[in-house]
Amino acid sequence: MEKIELNWKIAGKAGDGVMLAAKFFAKLCQHQGLKVFNYYEYPSLIKGGHQTGQVFASSEAAHCQRLHLDLLFLFHPKFLDFHLDALDEELLVLINSSNFDHSQYPQLKAKVISIPFSQLARQKVGDPLTANMMAIAASAKFFAFDLTKLTDLIKKEFVDKKKIIAKNLLAIDLACDYLDQSLSNSLIECRTKTLKIDQSRKKDLLLTANEAVGLGAIAAGLQFFSAYPMTPATGLLHYLAAQQAAYPIVVKHSEDEIAAINQALGASFAGVRAMTGTSGGGYALMVEATSLAGVAELPLVILEAMRPGPGTGLPTWSSQADLNFIIHAGHGDFPKVVFTPGTALEHYELSKLAFYIAEKHQLPVFILSDKYILESQQSMPQPDLLIDNQRLSLLDTVKTGSIEEKYLRYKDTETGISPRAIPGLNKEVYLANSYEHDQEGFATEESMIAKQAMDKRLRKIETMLPELPKPAVFGAPVKEADKILISFGSTINVLQELLRLLDDKEIAKPAIIHLPCVAPFLTKDFEELFDWHKINEGRQEIYTVEGTATAQLAQVLKANSRLRKIKSLLRYDGRPFYAEDLLQWLVSAKISEIYQIK
Amino acid sequence: MSIQIPDLLSPISPTWCPGCGNFSILTALKKALIELDLELKDLVVLFGIGCSGNMADFIKVNGFHALHGRAIANAIGIKLANHRLKVIVTGGDGDLYGEGFNHLLAAARGNHDISVFVHNNERYSLTTGQASPASKKGTVGKSTPQGVIEEAINPLALAISANASFVARAFAAQLQELVEMMKEAILHEGFSLIDILQPCPSFNKVQDNKWYLEHTRALKADYDLSNQEMAIKQVLKKGPIELGLFYRDQERPAYHQELAQLKNKSLVEQFPFKQDLNLGINDFV
């Protein structure tokens, strides 16, 4: 199959239907058998502003958004100013307007066509909001997509809403007629892509990482989710709330984040797999209860969806700057786990693993991710759909010796894991305690008992190490590369795209290390990747590539490994890294001032 | 088998001050639990932080000694995970009317089937006697040497206006009345609140048992406890502090009773040992 790649973008105000249009276009690409990445940018408001949906689709892999576009659809002519960087002679811009004044843009190389979709939608459909569907129809024609798929999508999206379906179908017909009659020549000239559909390809899912986390949670037997809405974690709340119709799950929209995490801990105590999700500010309110989970040894999974702080920050943009906050969150010493998945698939897999680790080791497990990947749609291979689940470390599943023996909920064991009774299911009763406690659960201030209790809990760290996801290496071998790039979380998507861009280039590829787990830090596995002779002689350049202003990942590496000389490539304006920018940096050692090298 | 006296026996003896109202509240709670036809395993008691919360160590039950102010939130999670459990929250006025009042109002609005017993001594006693939200204006304490400027809250009026379906006031020293009220509250299917007036002999010298006996009286026998509007008027009345059940709504379903997924089985009984993701991926294909 020939290599196909396409880049498409739509821009409008909030309320124009940009996000739905982008979702539909991404779906059309998926149904063409392509891998898809769909990246949204939007301001924190409901009407107005400037928002975009951007789809990169490829017959090979679509790790992230790309800089250069094939087709750009603008709801309003003035938005052209926002996109001038991405415009070149191969690009076609469709502008939703009855006329466009070319004289205002003398330098413009891209071809611009104005199509009065909103006017058409208002006059002929009676609903200007259907202009977004016209944009999709025009885009589909441009890339020679099968339009019946679009019809199917509309029927599925607006199921039971017959009038809306009829309006949108009419809008598509009108758009196609208009294009055929008025613009056929110019559009055909511009048509650069013709797709041959590969039907043999194994089915992919197209979903946001929020949804991948939710799907992984359901796979792992999640039954209780309590949360307070906060961008960019809200997508998980919405997905799981909708799943209540299909699965034995209760989703509670709580009065605040403190209630959300405490309700989840209550549910966990009562024996169901429980989770909460929020962003940095909301999680700040949950910190005390995280420590409660630690001392009472209650399983809990927490999604922390990063956006830029401090304070309310940039609510709808991306960041990785809660890394140190989450690693250190919670007063006192207690074991916890912090997963930092990269791709949608890894979000699915680590979400499943998070529930397993949380229940087995009776502690809080974080999925630390960011707006960039949580709210972007990405293709992932369809996982096994039939899942077997087991209960772990419960009193019933653990041999406790003679029945007459007194039940010790916090029994001091070699692994640090003690059998957990479930109220109502076991006849044994116990006290889950926020105070330091003896093996039975009663509060204590005895020095030896307090030390023993702390040692027992911390022992779980050693026990769980073999079960945690190890650092992953891409590109050149770490021991041979001149340059080593280290990242955590979503950045790996861009770094993998960078490797693809390097396939056609003469430049040596860097080694790339992706960390899917930052706490407990897998020091041994990490250090084994390196040739320490070379490192100590300074023969390799090591960079972290991270969405923080203070090189937090570099700090983590210095604290947990023998690495000392680490430079960092940082971005902290809320936007993602672009593979094209990183390529330029590798080629020329120069990079736009949007980035910072430390 | 119903709960017997030895079942509830903890190895730890109470550490409260002589004359503390917590003794009688603990006795009343034990008596209520024994007299109700409950199984020990089907009961969870949550404890706040404070003198009253220390009760966690003095009674052997399925217990949850929560963070300060948060026991009601934990209780809601427990009830939704397994609604076959009887769930009781016990804590002080600082904990439940101060730090965690938001959770109390939310629980009342949701009519979550939990019973909240507030040990109200109008003080933060474990931290040596500062004024609480229930303290009268002018109360002098170490944190308010010139006297509290705020007016005391009226927890009953707030709970009734938040549509709590069982709102009562009791006095710790009237043991039998308290036991009966606790039993009614535990059996009530929905959110119940008992504001339990309690002397603090160490940090509230004025309001001792004698003071409470002089300043309280029972609600009239012909009081209509089904009228929400009247109930609010009744709890706002100046004069002697009235004791009894001010408002009860037995029609309103409890929160968990409105969830279709809990209709046949509790959540914990439905653990998905076999999970099928076909429905979960419906939007992604």
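Among contacts in chain A between residues at least 6 apart in sequence, what share join residues at least 24 apart? The share is 74%, where a contact means that the C-beta atoms of two residues, placed from the backbone, lie within 7 Å. Welcome to this predicted model, in which local features need pLDDT of at least 70, side-chain atom pairs count only at pLDDT 80 or more, and totals for chains, interfaces and linings use all residues. Residues are numbered from 1 along each chain as its sequence is written, while chains are lettered from A and ligands numbered from 1 in the order in which they are written.

**View 1. Chain A as a whole holds 20 helices and 23 strands.** Helices (H or I, at least four residues) and strands (E, at least two) are DSSP runs, numbered from the N terminus. With a radius of gyration of 26 Å, close to the 25 Å that the globule rule gives for 598 residues, chain A is as compact as a globular protein of that length. That radius is taken over C-alpha atoms, and the rule is 2.2 Å times the number of residues to the power 0.38. The C-alpha trace of chain A spans about 85 × 65 × 45 Å along its principal axes. Of the 598 residues in chain A, 52% are buried; a residue is buried if 20 or more other C-beta atoms lie within 10 Å of its own, exposed if 12 or fewer, and partly exposed in between, with C-beta atoms placed from the backbone.

**View 2. Here is an open sheet of 8 strands in chain A.** Follow the order β6-β5-β4-β1-β3-β2-β14-β7, where the pairing is mixed; two strands pair if DSSP finds at least two bridges between them. At the edges are β6 (111-115) and β7 (204-208) of chain A, each pairing on one side only. From one strand to the next, the twist averages 20°. Within this sheet, β4 (residues 71-74) and β5 (residues 92-96) of chain A are parallel, with 4 bridges, and A:Leu72 has A:Val93 as its bridge partner in β5(A). Helix α7 (residues 209-219) of chain A lies across β7 and β14 (377-381) of chain A, at about 110° to β7(A). Axes are lines fitted to C-alpha atoms, for helices over the stretch in contact, and angles run from 0 to 180 degrees between N-to-C directions.

**View 3. An open sheet of 6 strands in chain A has the order β17-β19-β18-β21-β22-β23.** Its edges are β17 (472-475) and β23 (596-597) of chain A; each has a single partner strand, so one side of each is left without a neighbour in the sheet. Helix α16 (residues 491-502) of chain A packs on the sheet and touches β17, β18 (483-488), β19 (511-515) and β21 of chain A. Another helix, α19 (residues 552-560) of chain A, lies across β18, β21 and β22 of chain A, at about 130° to β21(A).

**View 4. Chains A and B meet through 57 residues from chain A and 48 residues from chain B.** On the chain B side, α2(B) gives the most, with 8 residues. That side divides into 27 nonpolar, 13 polar and 8 charged residues; Ala, Val, Leu, Ile, Met, Phe, Trp, Tyr, Cys and Pro count as nonpolar, Asp, Glu, Lys and Arg as charged, and the others, Gly among them, as polar. Strand β15 (residues 386-388) of chain A pairs with β11(B) in the antiparallel sense over 3 bridges.
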